Amino acid sequence: MGSDKLISMRDALDNPFSPGSDTIPEVWAGRTEQLSDWRDVVRPRRLAGLPERGRTILGEPGLGKSTLVRRIAQEATRSGDWVTPQLRIPAGADPLKLVADAVLKLAADAGLPASREKRISDTIARVQAVAVSGISLTIRGADGLEPYSALTQLLIEVGRAAIARRDVIALIHIDEIQNITDERALSQLLIALGDALTHEVEVDVPGGARVNRSLPIAVYLTGLPDFEDMAGARKGATFARRFKTTTLSAIDDEDLAEALQVFVLEGWEVSDGNGGTARIRMEPDAAARVVDICRGEPFLFQLAGEQAWYAGVGATITAEEVLRGWRGAQREATAHVERILERLPARERLLLQAMAELPAEARTLTRIAEGMGLAKVTDAGPTSQRLDTVRGIIDRGKPYSFRHRAVEAYLSSDWPKV
Ligand SMILES: Nc1ncnc2c1ncn2[C@@H]1O[C@H](COP(=O)(O)OP(=O)(O)O)[C@@H](O)[C@H]1O
Ligand SMILES: [Mg+2]
């Protein structure tokens, strides 16, 4: 009986770590800047009718882009906002169909289908056509209007309805935007969203005056940094003016440690298998190990935590269990980093390799270019710039350093071996 009880204390149902799942992790770390950007800037400003750009959050796989906006959407839902389900664009899919479908759902939240105004029912009908035909509607030219204008119109109606409700914002989240490879579909989509974001309506204010305000609509786009390449030429300057881009990088060790502090101090509450509760703790060394092992990667953080959880049965997770658990996860950790490296163009990979082979203090562009076998230093310039500004993998300070610490560890040491 006693040992049964022990085993049930760290079972799969109670394990709070969630590598790679689509839920919001129970053990949350950092990203405070992005969360407060939503809470203190985007939401209040859009609610107040002030202009505020959409947000584009990019980053290498596993950095927590989808999760971050999922959490923002959860908070929004809890505040009573109208929130689209996370729209994940499959490779090659027609994004207009998906987005049209989601905007129709927002319209339903706003109660628009019940409206007797012809303008609104016509708009809904047009967006329903977009949901069925997507970008091909442009070709058919059914009613002489491009799909994006129907989407914009309906978003504006949703925005008006939200103004009437006073404290409500409509939030749209589109994930895996790099998968939108059809140029026309991408530009239609970005124009539709951008036009709705910049649209102003006239409202009455006390005293009888009429003033212009923006709509209470917020847009988050998330995806791989490759989206940035589609940016320049296709999306153009208009996009850059309407959306603000953030590139996520590794989570700070202090934030990861803080996330585990609850295990160290109070313990994580679980059911004891007998209708009561128990607490699972971590030795301070165990928590420090998890932080050290995962190198700021949220996915690896969840993985290390999960494996440590399963590596023992006792009420306290020990440092030894963290190591034992990690050994079982090393292959997955390797695969995670290799997946990131494999996606990179050969030249970018070569630069990272050359950089990793130098001692930290010798990582200057000159030495890196030498290591890459390039004749001129300037030949390495564009590649290093991309790895910094587009991908967020390195930082071109003096000297250069890695922001992606798992990539650094993998290329310059035995990590993930411990
Ligand atoms: N802020 C965070 N704190 C803790 N774990 C996180 C955090 N953000 C993401 N994760 C975890 O990291 C993993 C990858 O997150 P995900 O959002 O799928 O990454 P991306 O969309 O950037 O590829 C998931 O297992 C998720 O639970
Ligand atoms: Mg994702």
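This is a predicted model: local features need pLDDT of at least 70, side-chain atom pairs count only at pLDDT 80 or more; totals for chains, interfaces and linings use all residues.
1. Start with histidine 173, which you'll find in strand β4, residues 170–175. Its relative accessibility is 2%, so histidine 173 counts as buried.

2. What does the side chain of histidine 173 make a polar contact with? The partner is the side chain of threonine 222, at 2.8 Å. Leaving aside residues up to four places away in sequence, histidine 173 also touches Ser66, Val69, Thr84, Pro85, Gln86, Leu87 and Tyr220, with Thr222 on that list too.

3. Now the aromatics: the count comes to five pairs. One of them joins phenylalanine 17 and phenylalanine 301, with ring centres 6.3 Å apart and planes at 80°, so this pair is edge-to-face. The two residues are 284 apart in the chain: phenylalanine 17 sits in the loop between α1 (2–9) and α2 (32–47), while phenylalanine 301 belongs to helix α12, residues 298–310. Phenylalanine 17 is buried at 5% relative accessible area, and phenylalanine 301 is buried at 2% relative accessibility.

4. Then look at phenylalanine 263 and tryptophan 268. Their ring centres are 5.1 Å apart and the planes meet at 10°, so the pair is stacked. Phenylalanine 263 is buried, with a relative accessible area of 0%; tryptophan 268 is buried as well, because its 14% falls under the 20% cut-off.

5. These rings belong together: ring pairs link Phe17, Phe263, Trp268 and Phe301 into a cluster.

6. Last, a charge over a ring. The charged end of arginine 71 sits over the ring of tryptophan 28, 4.6 Å from the ring's centre.

Definitions and conventions. Residues are numbered from 1 along each chain as its sequence is written. Chains are lettered from A and ligands numbered from 1 in the order in which they are written. Side-chain values use heavy atoms; hydrogens and water are left out. Helices (H or I, at least four residues) and strands (E, at least two) are DSSP runs, numbered from the N terminus. Buried means under 20% relative accessible area, exposed over 50%, partly exposed in between (1.4 Å probe, protein chains only). A polar contact is a pair of N or O atoms within 3.5 Å; within protein, one must be able to donate a hydrogen and the other to accept it, and residues adjacent in sequence count only if both atoms are side-chain atoms. Contact means heavy atoms within 4.5 Å. Rings of Phe, Tyr and Trp (its six-membered ring) pair if their centres lie within 6.5 Å; planes under 30 degrees apart count as stacked, over 60 as edge-to-face and the rest as tilted. A charge sits over a ring if NZ of Lys or CZ of Arg is within 6 Å of the ring centre and within 35 degrees of the ring normal.
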